[in-house]
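Have the sequence and the model open as you read.

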Amino acid sequence: DLDYGGFKYQEQMRSRTSPPLTAAGIATLNYGGIYQHELIQAGIAYLKKNLPSFSRRRYGHYFYWYGHYYAAQVFFIAADEDPALWNDFYWPLITDQLVKQQQTEGSWQNVTGPGKAFGTAVATIILQIPNEFLPIFHR
């Protein structure tokens, strides 16, 4: 739905949508070679509106990690067209949260889901994106 911007698993009216589903949907379009489309623009607008409050409410849940795994990729790719999406919106949002939430021994919590190894793995993937250490993030 272009007016709403959120992605769903199903087209039914009552099917739920969320920032993680939207980020995964946009990332899937990107993986298919689609970088400029009205659905992507609507989805990014949805994420900008909903991701900050979602992140505050869901930190420590695997939905948080799943959503940010895809959102980081979406905003990094979208920054090719609009660098402010990464530099002014996403990167400050996620780094602030990750720096504040890192545990003293270096891990990140995942209290609902696969555990701190999962949270830590996703956090470190996100934090390396600007350095393009992983080949999937090379430009």
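Buried means under 20% relative accessible area, exposed means over 50%, and partly exposed lies in between (1.4 Å probe, protein chains only). The model is predicted, so local features need pLDDT of at least 70, side-chain atom pairs count only at pLDDT 80 or more, and totals for chains, interfaces and linings use all residues. Residues are numbered from 1 along each chain as its sequence is written, and side-chain values use heavy atoms, with hydrogens and water left out.

**Salt bridges**

A salt bridge here is a side-chain nitrogen of Lys or Arg within 4 Å of a carboxyl oxygen of Asp or Glu. The structure holds two of them. Helices (H or I, at least four residues) and strands (E, at least two) are DSSP runs, numbered from the N terminus.

| Salt bridge | Closest N and O atoms |
|---|---|
| Lys100 with Asp96 | 3.3 Å |
| Glu105 with Lys116 | 3.2 Å |

Glu105 sits in the loop between helix 4 and helix 5, and Lys116 sits in helix 5, so this pair ties together parts that are 11 residues apart in sequence. Lys116 is partly exposed, at 44% relative accessibility. Lys100 and Asp96 are both in helix 4, four residues apart, or about one turn of the helix. An α-helix has 3.6 residues a turn, so residues three or four places apart point the same way. Lys100 is exposed, with 61% relative accessibility. Asp96 is partly exposed at 38%.

**A buried asparagine**

Asn110 lies in the loop between helix 4 (83–101) and helix 5 (116–128). Is Asn110 buried or exposed? Its relative accessible area is 4%, so Asn110 is buried. Its side chain has polar contacts, meaning pairs of N or O atoms within 3.5 Å; within protein, one must be able to donate a hydrogen and the other to accept it, and residues adjacent in sequence count only if both atoms are side-chain atoms. A polar atom of the Asn110 side chain lies 3.2 Å from the backbone oxygen of Thr112. The backbone nitrogen of Gly115 is 3.1 Å from a polar atom of that side chain. Contact in general means heavy atoms within 4.5 Å. Leaving aside residues up to four places away in sequence, Asn110 touches Gly60, His61, Tyr62, Trp65, Gly115, Lys116, Phe118 and Gly119.

**Helix 1**

Among the buried residues are Pro19, Pro20, Leu21 and Asn30. They pack against helix 2 (38–58) and helix 3 (62–78). Just after helix 1, Gly33 takes a positive phi of about 90 degrees.

**Helices 2 and 3**

The axes of helix 2 and helix 3 come within 11 Å and cross at roughly 145 degrees. Axes are lines fitted to C-alpha atoms, for helices over the stretch in contact, and angles run from 0 to 180 degrees between N-to-C directions. Residues making the contact include Ile44, Leu47 and Leu51 of helix 2, and Phe63, His68 and Ala71 of helix 3.

**Helix 5**

In helix 5, Gly119, Thr120, Val122, Ala123, Ile126 and Gln128 are buried. Their cover includes helix 3 and helix 4.
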